[in-house]
Amino acid sequence: MRYPLYREARSRITLPSGRPIEDITREQLEAGRLATGDLGIHEETLRQQARIAEEAGFAALARNLERAAELTRLPDAKILEIYEALRRGERRAALEALAREIEEAHGACLTAAFLREAVAAEP
Amino acid sequence: MKDDRSTGSRRSREREAQPVRRDTTIHEWPEAGLVLMRGPADPPSSVRVESGRVVELDGRAEAAFDSIDRFIARHAIDPRVAEEAMAVPPLSMARRLFHPDVAASEVRRLFGGLTPARLVEVMAELDVLEMMLALRKMRLRSRIANQAHVTNLRDHPALLAADAAEAGLRGFAEVETTVGVAGMAPLNAVAILIGSQVGRPGVLTQAAVEEGVNLRLAMKGLVSYAETLSVYGDEESFRDGDDTPWSKAFLASAYASRGVKVRFTSGSGSEVLLGHARGRSMLYLEARCILLVKGAGSQGIQNGAISCIALPLSLPGGIRGVLAENLIAASVGLEVASGNDAMASHSEMRKTAKLMLQLIPGTDFVTSGYSVMPRQDNLFGGGNFDANDLDAWTLVQRDLGLDGGITPKGEDEVRRVRRRAAAAVQAVWTEMGLPAIGEAEVDAAVDARDSGDLPPRSRSADVEAARRFLESPATVLDLAAALARTGFAREAEALLALTRQRAAGDYLQPAGILVEDGVDLVAVSAVNDPHVYSGPGTGGRVEGERRRQLEDVPFAVDPRALGRVGEPPDIFDEGDAARPGDAPEVVVAVGPAFGGRLGATLGGLSHREVVERVLEGVRQEQVPARLVRVRHTADCAFIGHEAARLSGSGVAIGIQSRGTAVIHRRDLSPLDNLELLSHAPNLTGDSYRSLGRNAARYALGKSTEPVPVRIDNMARLKHIVQSTLLHRVEVEAATPGALPVELSLRDVVVAAKADAGSERQGA
């Protein structure tokens, strides 16, 4: 795996909006052609970073980055909602509903499984 | 309690008043968890794996797991190596960890199978030096970095920006802020983001604030790392913080999903502080934290007691235990920001002793927060090392030939970036419609000691603006646009470069930081810059350009300039070869460069003054004095002894250019003497007059009280360099075989030349 991606595989990196990373320039900025949707990291890039981490021997980080790749599809508010539900030890049913929702609406299967594991760990 | 004060000696009372005695020092109380290792409730280590699952951990079967056991068993322990690794006895594992011939990758593979209790058992086999060598080997990133704290009591944006710029300039790879007033978080984050990029493009920044707010800042691209994720090795401590291992792990993924680097926080002492240690040792609970952090998929951790540092340091083995935390974290493959941030001791010696255990091996971040500003403005309660310690820190790096992650910088450069950073936030504040920052505020931010030096500013208006900013759709792109519009093109480019790096995600890899790469940035991490150490000649060494940078402290002086002789003072006329004289007389002999190529002593006294005072003293006793120059040696004893051989009375004075003086007598061996004034920098005109008088009294055979000598233990320290340089001139002026010559003092007083002498002293 080529790393750093930015130096070794820049042309393959896209912004969350789908535009190429090379569009982040002052010309584009000054022309008003950069938007909030260009900000952040694309899920495919996170998966590539997960593979890099796995190959370098950092397996747990790789799994975290795979969950993160899924979370790129969730709106900010949903992420905050899940975090609050997890930390308040929300009832099993509520967490299960969130797990099902992100699985069905966003295809976040790894994260859903992670939430179910948290539910199962509750005493 | 026994009152030592009433019975102690004066010495012991003085010792009690030393700063270190303000530290609280206690004996162990293992049942209460006040113990670094081997708590009575620490379980024996064990592991059992069934069909690829860890079903027993440190004496507990799966059914009895608490949530932390469950999380660690599931996410942190590699079931493929657990049984192999746990079959290695702790001592043998400790040796593999220590030994440079066993590769870090092999150690890390095996450590992937160790349980918390076993990690502590391995650490218990190592002393601090062994741990330091192991830490050196296990560090993730080859390049050493450091993290800065930038805060101030008033949350002043211009000062935050200026301090962040200074941090960036000085080479800090990460800058973190926090808030005096919670509502200021968004604007504090913006101020250090802009400021840091003025100092050096690529500095990562974070705001240590409530997670919900921090996530929103992350989503706006205003922070690039998060280190607020605290974990505990005890379930109830977790519950007190309203969190679980899963909520923290979810948060880690959430930050990563927005391109934000995550580092968890833990450290010895937090559980006992919260009242939940229950007989378990600090290191055992911390080992649970470390595995939890690894299992959560964090790339790194800041540990080493952090804000609780004074608690382990109150106990035996505290500094060693805290080093063990750092070592465990590195050994399981986590980036380590190794503490040294919160106040560890009232004693500079203890603080430094503690620091050396991380500074010498080198860690990914030597401190978890070096206070770039004076500690009075440090809202983290940090400032173990602060603005006033920067010169000492850089000198220690230079002394040891090591990189502690701080680059020495001169004041001109520092002020330049401070001004530009303050001006940049001023411009952005105006562009974004935030409460205006006046010229006086910018000026004060550049040269302030602390936030008390800044003009007043409405806190309520700032807080209200911060709230509106957080709720607005504004992002880092709006800041970049504002910078571009107001002439801060370089800073606008830096924010765009950071945005590209966020999209690439390279700094999410373990120990990731950003460095400049031409006009752009590139990530350096354990993936492309792994530390590989296998003994002498290997591993990261301070070499080349970096060595030059670290050695070039701005207050270092060119010794050639320091030893500059200037125009020779020439206060004497030289006569014929000196002959033996008649009794009674005192011969006053000066060294080869005295009053010729050199003009003043180490104490800054002009040579003319010295000679005049000596002659005055001799004449007080109605004894004639004769001046000679000894030319063959620069050694004070031999100058004096040579003169004594010429003296009619057998008594003579020898004076070196640096001011050292001796009274000698012909019948003594050269290295013996009647009196020696060796503390040249402390000698005054009176000292030389007394010396002259005493020499005359010896010549007359009168009883004589030696010239009183003051002890100044710092004299050698202060003057050894100048002394070396002066003496070098004297030695050069000596001519082997040259005979002494008669001298006469010229009448002219050459004030300018005396000044040249004292200027040398002051240089």
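**Exercise 1.** Work out how helix H4 (residues 59–71) of chain A and helix H7 (residues 109–121) of chain A pack: at what angle, and how far apart are their axes?

*Solution.* Start with the numbers: H4(A) and H7(A) pack at an angle of about 110°, with axes 8 Å apart. Axes here are lines fitted to C-alpha atoms, for helices over the stretch in contact, and angles run from 0 to 180 degrees between N-to-C directions. Angles of 65 to 115 degrees count as roughly perpendicular, so H4(A) and H7(A) are roughly perpendicular to each other.

By the way, this is a predicted model, where local features need pLDDT of at least 70, side-chain atom pairs count only at pLDDT 80 or more, and totals for chains, interfaces and linings use all residues. Residues are numbered from 1 along each chain as its sequence is written, while chains are lettered from A and ligands numbered from 1 in the order in which they are written.

**Exercise 2.** Find which residues of H4(A) and H7(A) meet.

*Solution.* From H4(A), take Glu66(A), Arg67(A), Glu70(A) and Leu71(A). They meet Leu110(A), Thr111(A) and Phe114(A) in H7(A). Contact means that C-beta atoms, placed from the backbone, lie within 7 Å. Sorted by class, this contact has three nonpolar, one polar and three charged residues.

**Exercise 3.** Describe the open sheet of three strands in chain B.

*Solution.* First, the order is E1-E2-E3, with antiparallel pairing. Next, look at the edges: strand E1 (47–50) and strand E3 (60–61) of chain B each pair on one side only. Finally, strand E2 (residues 53–57) of chain B pairs with E3(B) over two bridges, and Leu57(B) stands opposite Arg60(B). Pairing requires at least two DSSP bridges between two strands.

How values were computed:
Helix = DSSP H or I, 4+ residues; strand = E, 2+ residues; numbered from the N terminus. Parallel < 35°, antiparallel > 145°, perpendicular 65-115°, else oblique. Contact = placed C-beta atoms within 7 Å. Nonpolar A, V, L, I, M, F, W, Y, C, P; charged D, E, K, R; others polar.
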